[in-house]
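Here are my notes for your first look at this fold. Keep the structure open beside you and check each point as you go.

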Amino acid sequence: MIVGKLRDLKRYKGISKNIDTAIDYVLNHDLLALPKGKTEIDGTNVYVNRDTYVARPLEECFFENHEHYLDLQIVLKGKEIFGFTDITNPSLQVTTPYNSDKDVTKYSAAKDTVYFTLEEGFALVFREDIHLAKCKVDDGIVEKAVIKIKVEE
C-alpha cells in the first residue's frame, strides 16, 4: 500500500499502464465535480466511483481486498479512519467469501492492524492489502473518489 498527499501522486507513475492512466486522470480532472456514482476512464480497465457520506463507527466497518482491481482511494474533503494489514496476517478471518460480481472478500478485524487518518490524501491499495475504509473520525461529511484499476497480469 502507498499512502500520501495528492500533490505527490505523480511520483508513482511507471508502476503499470493502468496506474498511469488513473494518475493522469486525477492530475487533470476536478474529482469533486464528478457526478456521484461510476464514471468510466478507460472502460473496465480504469473507472472511478464518486461518493459523499458520513463515515461509520469503527465497529460497523469491515476489512476487504480485491482480486482483479487495485483501489486508489482518495479523500477529497473531510477525513476517515483507514486500516491496513497484509494478507499473510495469520489472525485474519474471512467473514464473506470472495464475491466475483463485486470483486471482494470481506474479513474480520485482525491483530497487528495499522490504523491512520486519511485526510485529503490517497491510499493506493494492492491485492495483498487487506484494508478498511469509511470509518468515523468525526461527524463531518467525507467527499471521496475510489478509482478502480484493473490488475495487469
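1. Start with a definition. The radius of gyration is taken over C-alpha atoms, and the globule rule is 2.2 Å times the number of residues to the power 0.38. This is a predicted model. For 153 residues, a compact globule would have a radius of gyration near 15 Å, and the protein chain has 15 Å, so the two agree.

2. Next, the dimensions. The C-alpha trace spans about 40 × 40 × 30 Å along the principal axes of the protein chain. The accessible surface of the protein chain is about 8000 Å². Carbon and sulfur atoms account for 50% of that surface. Of the 153 residues, 43% count as buried.

3. Look at how contacts span the sequence. Take contacts in the protein chain between residues at least 6 apart in sequence. Of these, 77% join residues at least 24 apart.

4. Now a sheet. Strands of a sheet pair through backbone hydrogen bonds, either parallel or antiparallel. Here six strands form an open sheet in the order β1-β10-β5-β12-β3-β2, and the pairing is antiparallel. At the edges are β1 (2–4) and β2 (37–42), each pairing on one side only. From one strand to the next, the twist averages 15°.

5. Pick out a pair in that sheet. Strand β3 (residues 46–54) pairs with strand β12 (residues 141–150) in the antiparallel sense, over nine bridges. Find Y53 and look across: V142 in β12 stands opposite.

6. Another sheet comes next. Six strands form this open sheet too, in the order β7-β8-β4-β11-β6-β9. Its pairing is antiparallel. The edge strands are β7 (94–99) and β9, and each pairs on one side only. Here the twist averages 25° from one strand to the next.

7. Which strands pair with β6? Strand β6 (residues 79–86) pairs with strand β9 (residues 114–119) over six bridges, in the antiparallel sense. F82 has F116 in β9 as its bridge partner. β6 also pairs with strand β11 (residues 129–135), again antiparallel, over five bridges. There, D86 stands opposite D129 in β11.

8. Finish with one residue. T105 lies in strand β8 (residues 104–107). Is T105 buried or exposed? Buried means under 20% relative accessible area. T105 has 7%, so T105 is buried.

9. What does T105 touch, leaving out residues up to four places away in sequence? The list is F63, E64, N65, V94, T96, P97 and Y98. V94, T96, P97 and Y98 fall within the residue range of β7 (94–99). That strand stands next to β8 in the sheet order. As a general point, side chains in a regular strand alternate between the two faces of the sheet.

Technical notes. Residues numbered from 1 in each chain as written. Predicted model: local features only at pLDDT ≥ 70, side-chain atom pairs only at ≥ 80, totals over all residues. Heavy atoms only, no water. Helix = DSSP H or I, 4+ residues; strand = E, 2+ residues; numbered from the N terminus. Buried < 20%, exposed > 50% of the residue type's maximum accessible area, 1.4 Å probe, protein only. Contact = heavy atoms within 4.5 Å. Pairing = 2+ DSSP bridges. Axes fitted to C-alpha atoms, helices over the stretch in contact; angles between N-to-C directions. Areas by Shrake-Rupley, 256 points an atom, 1.4 Å probe, with all protein chains shown as cover.
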